[in-house]
Amino acid sequence: DNTFSLLELRGLLQACSDVLPSLLPALPGPLARAATEFGVAQELSPALEDELDAWFEAKSSVLRRADRRYWRAIIDELRELRRARALMPEGAPV
């Protein structure tokens with residue numbers, strides 16, 4: 001759940017190569033294909049890299065959307081507090 005790039009995935013596949021076969025049934029489709037392909041050739045095909053890029057982008061897009069929704073109200077409140085000069089100066093003792 002915390003891997004969002006091909007570079008990170010390659011590192012994970014290399015570091016966990018000994019346990020990958022046992023993890024295959026639990027992995028989402030693109031990751032299972034990556035683990036299988038990497039286990040055989042120690043490399044990912046360009047087509048699979050493209051598929052993984054799209055999959056990572058879709059996965060991170062959902063999280064970025066949720067992040068924006070979470071922070072929007074908080075940031076608006078902080079802006080209002082700043083306009084009202086109700087924030088402590090940066091560096092002031094708390």
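Modeller: Let us begin with Glu51, which has a relative accessibility of 32% and therefore counts as partly exposed, a class that lies between buried (under 20% relative accessible area) and exposed (over 50%), with a 1.4 Å probe and protein chains only. Please keep in mind that this is a predicted model, in which local features need pLDDT of at least 70 and side-chain atom pairs count only at pLDDT 80 or more, while totals for chains, interfaces and linings use all residues. Residues are numbered from 1 along each chain as its sequence is written, and side-chain values use heavy atoms, with hydrogens and water left out.

Biologist: With which residue does Glu51 form a salt bridge?

Modeller: A salt bridge needs a side-chain nitrogen of Lys or Arg within 4 Å of a carboxyl oxygen of Asp or Glu. Here the partner of Glu51 is Arg33, and their closest N and O atoms are 2.2 Å apart. Arg33 belongs to helix H3 and Glu51 to helix H4, so the pair ties together parts that are 18 residues apart in sequence; helices (H or I, at least four residues) and strands (E, at least two) are DSSP runs, numbered from the N terminus. Arg33 is also partly exposed, at 41% relative accessibility.

Biologist: How many salt bridges does a search of the whole structure find?

Modeller: The search finds six. One of them joins the side chains of Glu43 and Arg10, at 3.4 Å from N to O. Because Glu43 is in the loop between H3 and H4 while Arg10 is in helix H1, this pair ties together parts 33 residues apart in sequence. Glu43 is partly exposed at 41%, and Arg10 is partly exposed at 22%. Arg10 and Glu43 are also linked with Glu49 in a network of salt bridges.

Biologist: Where do Glu80 and Arg83 lie, and how many residues apart are they?

Modeller: Both lie in helix H4, three residues apart, which is about one turn of the helix, and their side chains meet in a salt bridge at 3.2 Å, N to O. Glu80 is partly exposed at 44%, whereas Arg83, at 60%, is exposed.

Biologist: How many aromatic pairs does the structure hold?

Modeller: There are two. In general, a pair of aromatic rings is described by the distance of the centres and the angle of the planes. Rings of Phe, Tyr and Trp (its six-membered ring) pair if their centres lie within 6.5 Å, and planes under 30 degrees apart count as stacked, over 60 as edge-to-face and the rest as tilted. For Tyr70 and Trp71 the centres are 5.0 Å apart and the planes stand at 85 degrees, so the pair is edge-to-face. Tyr70 is exposed at 53%, and Trp71 is partly exposed at 38%.

Biologist: Last, I would like to look at the backbone: what phi does Gln42 have?

Modeller: The general idea is that most residues other than glycine have a negative phi. Gln42 is not a glycine, and yet its phi is positive, at about 60 degrees. Gln42 sits in the loop between H3 and H4 and is partly exposed, with a relative accessible area of 46%. Arg85, in the segment after H4, likewise has a positive phi, near 55 degrees, and with 76% relative accessible area Arg85 is exposed.
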